[in-house]
Amino acid sequence: MIANADSSTRQRRIVIIGNGMVGQRFLEKMVEFDTAGEFELVTFCEEPRAAYDRVGLTSFFAHRDAEKLMLTRLEWFRDNNITLHLGDRANYIDREAKVVHSDKGVKIGYDAVVLATGSFPFVPPIPGVEKNGVFVYRTIEDLERIIEYGHHAKRAAVIGGGLLGLEAAKAAFDLDLETHVIEFAPRLMPRQIDDAGSKILVRKIEELGVKVHLNTGTDEVLGNGKVEGLRFNTGEELDIDMLIVSCGIRPRDDLAGEAGIKLGERGGVLVDDHLRTSDADIFAVGEVALHGGMIYGLVAPGYEMAEIVAANFCGDNRQFSGTDLSTKLKLMGVDVASFGDYETTSDDVVPVVLDDPFDGVYKKLVVSKDGKRLLGGMLVGDAGDYGNLLMLSKTDADLPCSPKELLGVGGTGAAIGGVDGLPDAAQICSCNNVTKGQICSAIRDGELTGLGEVKSCTAAGTGCGGCLPLVTDLLNAELKAAGKSVKKSLCEHFDYSRQELFEIVKIKQIKTFAELIKSHGKGHGCEICKPTASSILASLWNETIIEGDHHTLQDTNDRYLANMQRGGLYSVIPRVPGGEITPEKLITLGRVAKDYGLYSKITGAQRVDLFGAQLHQLPSIWEELVAAGFESGHAYGKAVRTVKSCVGTTWCRYGVQDSVKFAVEIEERYRGIRSPHKLKFAVSGCVRECAEAQCKDIGLVATENGYNLYVCGNGGAKPRHADLLAVDIDEATAVKYTDRVLMYYIQTADRLTRTAVWLDKMDGGIEYLKQVVIEDKLGICEELEQMMQRLVDTYTCEWKAVVDDPEKRKLFKQFVNTDETEAGIDFVDERGQRRPEYWQKDSDMVALSDIQLPDGLTLGEVESQQEWNEADWDWVSAGKVWDYPQDGGRTIKHGQVQVAVFNFSSRGEWYACQNMCPHKRAFVLSRGIVGDQAGVPKVACPLHKKTFSLDSGECLTSDTEDIRVFPVKVEGDEVLVKLPATAQLDAVLATGHFCQGESCATVVAKKEEPVFAV
């Protein structure tokens, strides 16, 4: 029975063949534009699932969840009266009868057809390419097959070094395979970057461990039935056992060709400017369409085509005249971007190039001959300015600065300008073709105040997301122009920024978080606001952070005064002021490391790091270190950490000042002061700068006349050279200026903002900072100095505070209900020391239910044999109420299972759950911060901040498995947890299921050499 379209009915039927990203965009635009309901929409989807994000396909290796890639739910089709034929391929178009046929026998008449069939991977006819172990990289099903085969492979190669080839190489690399990229051309990504850019990209990729073979053709795939190697055109061979072919795409034009629709000589359905094919009732969009001799392989042009065809069906008369191919990508962790006319080599243009092989950055801008217009460019290694550069290339206005300043050379970089100078016609979002004018109008007319509202209203930022910084800037600019405050709420519990909270706490003399949230917040706090408030309180009043009112506000590093490392173990770093240490203290460090089996390493800041301490060992370790004259090094805190020094005049023949003495004085003055982010200092004894002071937050470089003071530098992922604040000042003046800079930073910076970013965002930059802290423009210098002196005068060593207090030491006991201990992590011996087993990559980590147990069963099979009937559970003692901190948790041991129990005192409630976080199988949840989210009680894992509902166990960050929760009650002063029988609980959650080595066994006696229970 053929369902013919009846022209006498009100609706006309459009059949969309293909439900990929572009086909789905056409449907969405038809729903948006067809306000009168003139059209009936029917779509065929060959794949077993509806439209998904093919651009984000590589993320599938991280979460293995196809649902997270879906662009819409099936309910959306039903709600919008769209007929979806899922898992059914349209196989024939009868143009004479105007009927579409499908593999499943569906025959449906049409008034118009939109071809959105996309493309297929091109596989060159290489001998042996049909062997087992050869894959393409295109669909979720392709990825599932690659993952399955990759479990049995060791070495993989990818033929093709373009965009998709590097995506495929990232996939193979994430499967922990030795990975090779084979590219016939002399460079990677030959359509996007030039030879110089390719060199940077190759170097960065090879630094990861991926081998790149350029100028290399593949003559044959070797192997007996399955892939065993490749033979190249050079005669060389490469042993591999898996191959991914990514040699470009070809348009899926077979359906159109069989229907007699005109195709291009090299493929593709020929279309005019209205995207109409040689049949007036059939249109083509996306990668199947050949327009002006061009097939567009990016999603943004496909989206534009889909919108044009939809708009024209609904009465518009738009035309497609080609599109911008600008794109910004992150390939194997490397930024790569190109925009505008970046390939032109005419005499009317001039290339301006920054080639920095040391930092791995290549930037090429193509400008007009007079240097006034930016025409295009490419960026490799650093694409931070892509958005602004793209906008500048799309405007006819003269550049706001010289071309070299656009590259950050010879200027501050601020000359690039922002969104204010862009015309309304400037395209902000290329994926969805949204202009500055459209976004600004939507903000004004719709009175929008949040980024989510702007995205929902305009679709800007809902594609690749690369334009979101510009969209945010536009929102902030419009709100400011309207006289509205730009919302900078810390979190859902405080409608204030960090700076505002600092002033509130300071002026109102607030001393506790409970007082602050009661008077100026709502709810019970979270892992964002609690550490922020704690830092503010410490920066103002300097009370010990492990006191009862402050202890559970801290991230786990501050809460337990040591850096949490892999598996919930800790590293201990004592303070070594200025890097100067006596032989006796060195001997103490060695003895402690040996006695406790700690891994030892010299840090980059001239200190010794002792790794692998268990929670319960920390007070004992500190006790021995404090007795030897050490203090806490505060390596765990957002605080002043170290002052690095060279030997200066103490030993060096070039030294002009005593840098060691001054470094020790500086470190002992500022030790432990809490701040928005970590702070690092250095003092160099001469301009040879051996202490590297000019890349520190505070850096002092000795001169013949005193010291030059540098501020707001940092190393790390985004190095920044410090700015020169003052020249040839004496030590007292250096301390005075440092006091002022630090306290001004502590008062005004956002949470987790380094001094470098703080200064970069400051209006007026270093010149304004000089006016504030040297010229006293704001009249606050005396107050800043007084605030700093109060912190200096009230310093106490946090380690010693624990060592000397038996009640505080109890907080470090591993289990409330037993003196037993267990590490909960496997160790290996390496280079004469012991380190933890490497974590599995997320892509390799099996689900908890798939863990194989020694008896051959999986954990899921064992669990299915248990009858989890809460009515049969028993109430088990979990200690006394006073064993638990306010608004915090501790651990009990029940059989072989660790259970986290939480006293959520501000809610008057108790909770319990498994202590193991499913993300990395670490037994740490009891040490996490408790809070609430939209009223739901939650705990944040201290390792990676995954949050879990304490009511249901659901992972609130959606990318990790849920946890088990258990009922808790209090009778008198007794805390009771309702748990299954010991054998039943052990069968599912025993520590040994997730940690198999000797170090996971239970320690029954504390000795220098642990004795393990058999």
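Predicted model: local features only at pLDDT ≥ 70, side-chain atom pairs only at ≥ 80, totals over all residues.
**Figure 1. Overview of the chain.** The chain has 1014 residues, of which 54% count as buried. Its secondary structure comprises 28 helices and 52 strands. Among contacts with a separation of 6 or more, 62% are between residues 24 or more positions apart. The count of salt bridges comes to 57; a selection of them is shown in the views that follow.

**Figure 2. Salt bridge between Glu178 and Arg155.** The side chains of Glu178 and Arg155 form a salt bridge with an N to O distance of 2.6 Å. Glu178 belongs to strand β11 (residues 178–182) and Arg155 to strand β10 (residues 155–159), so the pair links distant parts of the chain, 23 residues apart. Glu178 counts as partly exposed because its relative accessibility is 36%. Arg155, with a relative accessible area of 25%, is also partly exposed.

**Figure 3. Salt bridge between Arg231 and Glu220.** Here the side chains of Arg231 and Glu220 meet in a salt bridge, at 2.6 Å from N to O. Arg231 is in strand β14 (residues 229–232), whereas Glu220 is in strand β13 (residues 218–222); the two residues are 11 apart and link distant parts of the chain. A relative accessible area of 30% makes Arg231 partly exposed. Glu220 is partly exposed as well, at 28%.

Figure 4. Leaving out residues up to four places away in sequence, Thr218 touches Ile126, Ile159, Ile182, Leu230, Arg231 and Phe232. One of these contacts, Arg231, is the salt-bridge partner of Glu220.

**Figure 5. Buried salt bridge between Arg754 and Asp697.** The closest N and O atoms of Arg754 and Asp697 are 3.1 Å apart, and the two residues form a salt bridge. Arg754 is in the loop between α21 (731–748) and α22 (755–761), while Asp697 is in the loop between β33 (679–684) and β34 (698–703), so the bridge ties together parts that are 57 residues apart in sequence. Arg754 and Asp697 are both buried.

**Figure 6. Salt-bridge network of five side chains.** Salt bridges link Lys29, Glu32, Glu307, Asp316 and Arg318 in a network. In general, side chains of opposite charge can pair when their charged atoms come close.

**Figure 7. Open antiparallel sheet containing β40.** The sheet has 4 strands in the order β40-β41-β42-β48, it is open, and the pairing is antiparallel. At its edges stand β40 (888–894) and β48 (965–966); each has a single partner strand, so one side of each is left without a neighbour in the sheet. Strand β40 runs antiparallel to β41 (residues 897–904), and 7 bridges join the two. Within this pairing, Ile892 stands opposite Val899 in β41.

Conventions: Residues numbered from 1 in each chain as written. Heavy atoms only, no water. Salt bridge = Lys/Arg side-chain N within 4 Å of Asp/Glu carboxyl O. Buried < 20%, exposed > 50% of the residue type's maximum accessible area, 1.4 Å probe, protein only. Contact = heavy atoms within 4.5 Å. Pairing = 2+ DSSP bridges.
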